[in-house]
Amino acid sequence: MPVHPSRTYRAMRKAIGHPVKKLRVAIINDYQDVVRTLDCFSKLEGHDVTIWTDIVEDIDVLANRLFDADVLVLMRERTRIDENLLSRLPNLKLISQNGHIPHIDLAACDRHGVVVSSALTSRPSYSTVEFTWGLILAAMRNIPFESASLRQGDWQTTIGLGLRGRVLGIYGFGRLGSMVARIGMAFGMDVLVWGREGSLARARSEGFDTAADKDSLFRLSDVLSLHLRLNAETTGLVTPDDLALMKPTALLVNTSRAELIQPGALVAALENGRPGKAAVDVFEREPLTNPNDALLRLPNALCTPHLGYVERDNYEFAYGNAFDQIVAFAAGSPINVHNANGAKQDH
């Protein structure tokens, strides 16, 4: 049962022995207008909260909207925070979110005296793992297409492929990749892992087979799922040559980051029929709202709008951490601070 917001606020004031500073909090990119319905939203009781639900990329619009904000709440990597924006937000004191922060310029935040708080927690994104399997099943059995065809009066127009006995390739055996692999075993698939030496060692310790090399992973997989963190080393790691090795019956799944694949390579590969299908939840430019995007127009691409982590329990966790950081900042004791100079604030 959620705690009543007024009790939370009164308890916090009593605990710290002095009034909590009221902050102007701006929450952006709440696409589904869901934040106000979360139980954790009660943690912001007593603060002046504004929520923006639309998609805005124009820096002039953002700067105008956020001009008065003391606190900016982000969800993952939906908005880039850099010098261009920060220089136009004279009142901003805190950026709060959950997770990794490659989209936030920490040096610029230091220059402007903005605290960056983001909890790097050990809780895996279970919802992304579940969604990965939703994409695999939907793509292999042509579920979206057949459902749409049925509504048009057609009955059984394709024939799909089952999973049992087929090879599930896992590229990157971290927390998410390992969970996807274990579920693959439950479906009776033969799991094959590739990645850095640490990934290979972990996979072997759990009894999974590892590929002889990267080429073998792409050549042998019937379903190949990418589970790599995006960084300088992994950007563009999947090449046109890699994709050309895949079977014409194979499925490539990407619920990690689009930039793992070289730009344009997936569209070209699907047009050439190797792999035969792709199921992707991530795109080089997000949000993707152009219905004429080359990938969206391919009949052998199942595309979803980055829904992997978008799930209510996940939101309660992520926004809950972000709001806890605001509470701590308002009380004069910032937590989960990432930048060296940002914490030098007068509260």
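A salt bridge here is a side-chain nitrogen of Lys or Arg within 4 Å of a carboxyl oxygen of Asp or Glu. Keep that in mind as you explore this predicted model.

**Exercise 1.** Find the salt bridge that Arg-285 forms, and work out which parts of the chain the pair ties together.

*Solution.*
- Step 1: Arg-285 pairs with Glu-57, and their closest N and O atoms are 3.0 Å apart. The cut-off is 4 Å, so the pair qualifies as a salt bridge.
- Step 2: Arg-285 sits in the loop between strand S11 (277–280) and strand S12 (301–303), while Glu-57 sits in the loop between S2 and H2, so the bridge ties together parts that are 228 residues apart in sequence.
- Step 3: Now for accessibility. Arg-285 has a relative accessible area of 55% and is exposed, whereas Glu-57, with 48%, is partly exposed.

**Exercise 2.** Which side chain meets Lys-43 in a salt bridge, and where do the two residues lie?

*Solution.*
- Step 1: The partner is Asp-324, at 2.9 Å from N to O.
- Step 2: Lys-43 belongs to the loop between strand S1 (24–27) and strand S2 (48–51), and Asp-324 to helix H12 (residues 312–330); the pair links distant parts of the chain, 281 residues apart.
- Step 3: Lys-43 has a relative accessible area of 25%, which makes it partly exposed. Asp-324 is partly exposed too, with 33%.

**Exercise 3.** Describe the salt bridge between Asp-54 and Arg-65.

*Solution.*
- Step 1: The N to O distance between these side chains is 2.7 Å.
- Step 2: Asp-54 is in the loop between S2 and helix H2 (59–66), and Arg-65 is in helix H2, so the parts tied together are 11 residues apart in sequence.
- Step 3: Asp-54 counts as partly exposed at 32% relative accessibility, and Arg-65 does so at 23%.

By the rule above, the count comes to 13 salt bridges.

**Exercise 4.** How do helices H5 and H7 pack, and which residues make the contact?

*Solution.*
- Step 1: Two packed helices are described by the angle between their axes and the distance between the axes.
- Step 2: For helix H5 (residues 126–140) and helix H7 (residues 175–186), the angle is about 45° and the axes are 10 Å apart. H5 and H7 are therefore oblique to each other.
- Step 3: Their crossing is right-handed.
- Step 4: H5 contributes Tyr-126, Thr-128, Val-129, Thr-132 and Trp-133, and H7 contributes Leu-176, Met-179, Val-180, Ile-183 and Gly-184.
- Step 5: Sorted by type, the contact residues are seven nonpolar, three polar and no charged.

Technical notes: Residues are numbered from 1 along each chain as its sequence is written. This is a predicted model: local features need pLDDT of at least 70, side-chain atom pairs count only at pLDDT 80 or more; totals for chains, interfaces and linings use all residues. Side-chain values use heavy atoms; hydrogens and water are left out. Helices (H or I, at least four residues) and strands (E, at least two) are DSSP runs, numbered from the N terminus. Buried means under 20% relative accessible area, exposed over 50%, partly exposed in between (1.4 Å probe, protein chains only). Axes are lines fitted to C-alpha atoms, for helices over the stretch in contact, and angles run from 0 to 180 degrees between N-to-C directions. Angles under 35 degrees count as roughly parallel, over 145 as roughly antiparallel, 65 to 115 as roughly perpendicular and the rest as oblique. A crossing is left-handed if the near helix is turned anticlockwise from the far one by less than a right angle, and right-handed if clockwise. Contact means heavy atoms within 4.5 Å. Ala, Val, Leu, Ile, Met, Phe, Trp, Tyr, Cys and Pro count as nonpolar, Asp, Glu, Lys and Arg as charged, and the others, Gly among them, as polar.
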